[in-house]
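Please examine the sequence and the model shown here.

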Amino acid sequence: MSYIVNFEAMKKMVAIIGGGPAAMLLAARLDSNLFDVIIYEKNKALGRKFLVAGKGGFNLSHSEKLSDFILRYTPSEFLKEAITNFSNDDLRIWFKTLKIPTFVGSSKRIYPEEGIKPIEVLNSILNEIKQKGFQLKTEQNWMGWNDNNELLFENGFTTNSDITIFSLGGNSWKKTGSSGEWTNYFSEKSINIIPFEASNCAFKIDWKNDFLIKNEGKPLKNISINSKNNSKKGEVIITKFGLEGGAIYALSPQIREQLNQNKKAKIAIDLKPSFSIKDIVSKLHSGKITQQLAKTIKLEKSKIDLLKYYLTKEEFIDINKLAKIIKNFPLEITSLSPINEAISSVGGISLNEINSNFELKKIPNNYAIGEMLDYDAPTGGYLLQSCFSMGAFLANQLNKKHG
Ligand SMILES: Cc1cc2nc3c(=O)[nH]c(=O)nc-3n(C[C@H](O)[C@H](O)[C@H](O)COP(=O)(O)OP(=O)(O)OC[C@H]3O[C@@H](n4cnc5c(N)ncnc54)[C@H](O)[C@@H]3O)c2cc1C
């Protein structure tokens, strides 16, 4: 007697809701022998925020060694397994198989090779998904569950699946589709939602007007910023609103914590990280301080202006005081930028609601990955890598579980 096994019938139906980088990596790495996959995306096309990221730096990841890489996340533990399972090196190897070679820039960030446009990167991932026979359904705005517990869409369409993965994004740059409207649907299922807040955003500083007129748009390069005993080297831009740029973005968790506690946050800028206070004092002498700051200490004009406009004349000519302030220039932050303008958001589904495989504890066979989870990451490739790693890790887990 022989049996005809209908493999198609044995395949599990997988619905992925939201079509950003986390969803795309997941779909691209799910086993098409085991799963029938449909991605439902509310926009006309997938990956709009990915393309916005492409217009900026387009850091796909960072080349930092894994033990340090993992520590960039707040909290870091929950991503350790996912990132170890699909690391920055794995990402580069995978992109190579898609004919998207990458390179490590001088900043140690990972970019697609020069000349490769963001849309080409996106299309190569989408082609990989389509080649598996998986479907992409666009203009499908998911609106929660109906009374029969089926997935419900704005156009009235309802569907069932064996496995559902949510990858609905955070709550910044709403025009890309990541509008955070999904929180209500999860609250109705008693899933704890942490309110969204801006991250990797501009920080408000009430600049002295005279200083701002001369320095708006200018960088403060080669500085180190300290907040709550965490420091970050890099550069920032002086804007009408306050400060923005990599060095301050990376301190978002510490600054947000202070703002939540005191409505104000203190930061201190080291304007000359390569010199100690002693070095500075030894290089300065009384008279023509401005010239000495420029020529001997090699401070740029914006840094000298900061000292000139914010110090009293007595402080400026007191070499010991001046040296201390160059190493520890205090500024007060009064708020975050509006969340919609932020590069990323924190808040969303509480990490207590998911198990180590990103499965929602209260709704078995339903998973949540990507920026919709309540974690923080700095810019520089860490955001995308976390989404890619969560997608790849979950695919790996599901392939194993159902294989
Ligand atoms: C200006 C800018 C520059 C950036 N640059 C970088 C960078 O260089 N490097 C880096 O690592 N990161 C960068 N990022 C961050 C990175 O783009 C995000 O962290 C990443 O896109 C998040 O991926 P995700 O899959 O979690 O969600 P998203 O990319 O936000 O995708 C979520 C998707 O879900 C869809 N969706 C939402 N609700 C519904 C619904 N109800 N029904 C159906 N679909 C829905 C949305 O339309 C969207 O397509 C940048 C972000 C911005 C805004």
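Which residues come nearest to the ligand? Of the 41 residues around the ligand, Gly 18, Gly 20, Gly 169, Gly 177 and Gly 370 come nearest (C-beta atom, placed from the backbone, within 6 Å of the molecule). This is a predicted model, in which local features need pLDDT of at least 70, side-chain atom pairs count only at pLDDT 80 or more, and totals for chains, interfaces and linings use all residues. Residues are numbered from 1 along each chain as its sequence is written.

Among the contributors, H3 gives the most, with five residues.

H2 also packs against helix H7 (residues 118-131): their axes come within 8 Å and cross at roughly 40 degrees (lines fitted to C-alpha atoms over the stretch in contact, with angles from 0 to 180 degrees between N-to-C directions). Met 24, Ala 27 and Ala 28 in H2 meet Ile 125, Glu 128 and Ile 129 in H7 (C-beta atoms, placed from the backbone, within 7 Å).

Elsewhere, five strands (DSSP runs of E, at least two residues) form an open sheet in the order E6-E2-E1-E10-E20, with parallel pairing (at least two DSSP bridges between two strands). The edge strands are E6 (135-137) and E20 (366-368). Strand E10 (residues 163-166) pairs with E20 over three bridges, and Thr 164 stands opposite Asn 366 in E20.

Note on methods. Helix = DSSP H or I, 4+ residues; strand = E, 2+ residues; numbered from the N terminus. Contact = placed C-beta atoms within 7 Å.
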